[in-house]
Amino acid sequence: MGCGMGKSENQMKKSIRAALLIQRWYRQYVARLEMRRRCTWNIFQSIEYAGEQDQIKLYNFFGYLMDHFTPARNLISHIFRTNECCRDTEWESYFCYKSIQVPDSYPGPHLTFPMTFSGVSKLVEAFKHKQQLHARYVLQLLGETCRLLRILPNINCVSICHNKDITICGDLHGHLEDLLLIFYKNGLPSSEKPYVFNGDFVDRGKSSLEILLILFGFLMVYPNDVHINRGNHEDHIVNLRYGFTKEVLGKYRVHGKKILKLLQKIFSGLPLATVIDHKVLIVHGGISDMTDLNMISRVDRHKVKEAFSTVLRVFYNHYIKKILLAGFDQSYGEPKKSDSESDPESCETADEQEWKQVSDEKGSGSQLLFLETFNFKIVDMLWSDPMPQSGCIPNEVRGGGCYWGPDVTEKVLGRHNLHLLIRSHECKQEGYEFCHNLQVLTIFSASNYYEVGSNRGAYIRMGSDLVPHFSQYQASRTSRELTLRQSVSWTERSALQALRKQLFVHKSVLISAFQEFDPHNTGIISLSHWANATERVLNLALPWRVLRPQLVSSTHFGMVDYKQWIRELSIPEPKSEVRLAHILETMYKNHSNLETIFRIIDTDHSGLISFEEFRQTWKLLSSHLKTEISDESIADLAKSIDFNKDGSIDINEFMEAFRLVDLTAHT
């Protein structure tokens with residue numbers, strides 16, 4: 001009997017020991033996966049923020065050119081113009097939809113005005129089934145939206161009844177499937193189900209325009225129950241880089257230009273914040289130590305677009321003392337003419353008078369100072385991010401706005417008797433995240449933002465007790481079916497592909513940096529030197545030593561064969577022949593900047609630019625990069641990509657021809 005008990009106890013001890021070993025192994029396994037997931041997240045976020053910083057630098061550079069170099073104004077002045085000088089009657093005449101006929105063969109939804117719940121519901125169903133709204137209805141809906149926005153305040157004040165909740169959504173970024181899933185789970189907007197949409201509806205995704213049209217439709221029907229805040233991507237300059245401009249012109253080739261101009265006006269008219277029951281502030285980016293809601297509520301927000309450009313120029317001029325305009329053509333003449341007779345911008349004064357007037361205004365004293373101070377606060381509201389440390393510092397990672405700490409949160413909320421700040425602007429792995437002692441809440445509604453499985457989306461439901469309740473989701477069926485390991489592996493693979501592209505386009509600079517640690521030109525450097533040089537060149541703040549096994553195929557006694565490693569960064573040759581390697585590398589490295597400049601110079605949005613405009617694009621880029629590119633090299637490149645030999649270049653064909661593809665992704 002005693003012997004049997006002893007065996008039973010031994011078996012139990014072995015079972016417990018085995019369970020502990022399995023538990024320890026599983027915890028280590030999950031910890032390794034979590035480390036890989038965080039590392040992947042850092043790669044995606046670092047590359048994203050580097051692109052935003054590059055966009056701000058390019059925009060500031062244009063502002064510097066506008067203030068100091070007359071020849072450049074003909075090329076880029078239209079991006080700094082304001083449309084407010086035109087009277088409403090002129091705008092309505094330009095955007096008149098009545099002359100646009102809807103053919104009998106049109107298969108999409110038909111809208112009637114004023115909009116009804118039934119009409120918007122049908123629009124949602126049409127977009128769910130990939131139907132496209134006719135341009136006549138798009139212009140009509142946008143025109144009605146523009147009229148409504150004129151009477152809305154800068155800060156919407158909302159009260160929650162005891163018997164209903166309010167729903168708050170974060171960034172959507174063109175992910176229509178996420179918006180449709182929110183409506184499926186939570187219900188369509190109505191007087192009984194109010195919503196706040198907190199900016200960044202456009203760019204990156206493929207259905208930005210559809211999202212805007214749905215939200216504006218519900219805004220028309222329920223102006224007191226649907227509230228739309230402006231985000232930093234509701235800006236036509238940002239749209240040039242991140243895809244919304246290209247999306248609209250691709251879907252509406254005939255009327256796309258008018259749609260974009262009307263959206264530009266609408267974006268500047270969107271409210272900046274929403275306050276719930278005088279206790280919860282909802283704003284897209286955040287705050288700074290200068291945030292004053294009373295001041296923001298009083299100023300005309302419709303002029304933010306113009307003043308934002310001015311502020312950036314003033315900021316840039318303060319810090320940039322010298323700039324190299326290598327070979328910029330001082331004699332380049334008139335800009336490309338378009339349908340300016342019917343364009344509302346034609347009522348503006350000439351460029352010289354316009355910029356002389358800007359210069360005169362800079363000396364006007366307190367009024368300009370007030371305007372600049374106000375607009376810096378607006379930039380802070382759209383671009384800022386919270387940080388764990390106390391204080392308020394410039395957001396150099398994004399290139400705009402600020403980082404603010406918990407002391408600033410407490411100060412601003414206390415000054416306005418608020419309890420909670422809800423913001424968006426940052427992708428979060430779980431779709432939401434608290435910080436600053438639970439006083440700041442980030443909500444992000446675009447699931448699978450970086451890659452399938454990279455993050456969940458979320459939205460908030462809040463009742464009269466003002467306690468947030470979260471609903472999380474994955475809009476992609478693929479991501480819902482993946483195991484944790486599969487999800488991490490999928491997103492890690494995509495992140496490493498993006499990182500390899502960044503490494504490839506900087507390969508010349510990387511080789512130079514590696515050679516500083518290789519005075520005898522052996523091609524071999526230590527792992528620490530490899531990591532140090534790579535971070536110094538890319539400046540992405542990544543753990544390169546941790547990433548080494550995924551990026552470098554083999555090392556020998558802690559040494560890296562950097563020449564072999566550079567050769568292993570497999571990138572295919574472009575479709576056209578470009579004989580000068582430095583132009584090719586410049587093109588790869590500045591792909592997004594180049595496309596942005598192309599679309600700025602293509603003032604009539606035709607998608608085509610002349611050889612001369614192509615040359616001036618490269619001159620602008622070389623000036624921005626402070627590098628020399630000869631006219632002969634540019635002409636050689638232009639001829640090689642003029643596929644049909646008609647003397648003009650298709651922007652989309654050109655950019656696709658030189659888009660990088662990681663060959664390792666297909667092996």
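Helices (H or I, at least four residues) and strands (E, at least two) are taken as DSSP runs and numbered from the N terminus, and two strands are said to pair if DSSP finds at least two bridges between them. The structure described here is a predicted model, in which local features need pLDDT of at least 70 and side-chain atom pairs count only at pLDDT 80 or more, whereas totals for chains, interfaces and linings use all residues. Residues are numbered from 1 along each chain as its sequence is written, and side-chain values use heavy atoms, with hydrogens and water left out.

In the hairpin of β11 and β12, four residues lie between the strands, and His436 takes a positive phi near 55°. The two strands, β11 with residues 432-435 and β12 with residues 440-443, pair in the antiparallel sense over four bridges. Within this pairing, Tyr432 stands opposite Ile443 in β12, and Cys435 stands opposite Val440 in β12.

Most residues other than glycine have a negative phi, and most peptide bonds are trans. Leu438, which lies in the loop between β11 and β12, has a positive phi near 65°. In the loop between β10 (420-423) and β11 is His425, whose phi is also positive, near 75°. As to accessibility, residues are called buried under 20% relative accessible area, exposed over 50% and partly exposed in between, with a 1.4 Å probe and protein chains only. His425 is buried, because its relative accessible area is 5%, while Leu438 counts as exposed, because its relative accessibility is 59%. A cis peptide bond, with omega about 0°, joins Phe113 and Pro114, and Pro114 is placed in the loop between α3 (88-94) and α4 (117-128).

Among the helices, the axes of α6 (residues 176-186) and α7 (residues 208-221) come within 9 Å and cross at roughly 35°. The contact (heavy atoms within 4.5 Å) is made by Leu176, Leu179 and Phe183 of α6 and by Glu210, Ile211, Ile214, Leu215 and Phe218 of α7.

The interior is described in terms of nonpolar cores, each being a set of buried Ala, Val, Leu, Ile, Met, Phe, Trp, Tyr and Cys residues joined through side-chain atoms within 4.5 Å. The largest nonpolar core has 60 residues, and those with the most contacts inside it are Leu133, Leu142, Leu179, Phe197, Leu213 and Leu263. At least two residues of this core are supplied by each of several elements, including α4, α5 (135-149), α6 and α10 (256-269), and the largest share, 10 residues, comes from α7. When its neighbours within four places in sequence are left aside, Leu263 is in contact with Leu142, Leu209, Leu212, Phe216 and Phe244. A second, separate core of 36 residues includes Leu499, Val537, Trp544 and Val552.

Note on methods: Axes are lines fitted to C-alpha atoms, for helices over the stretch in contact, and angles run from 0 to 180 degrees between N-to-C directions.
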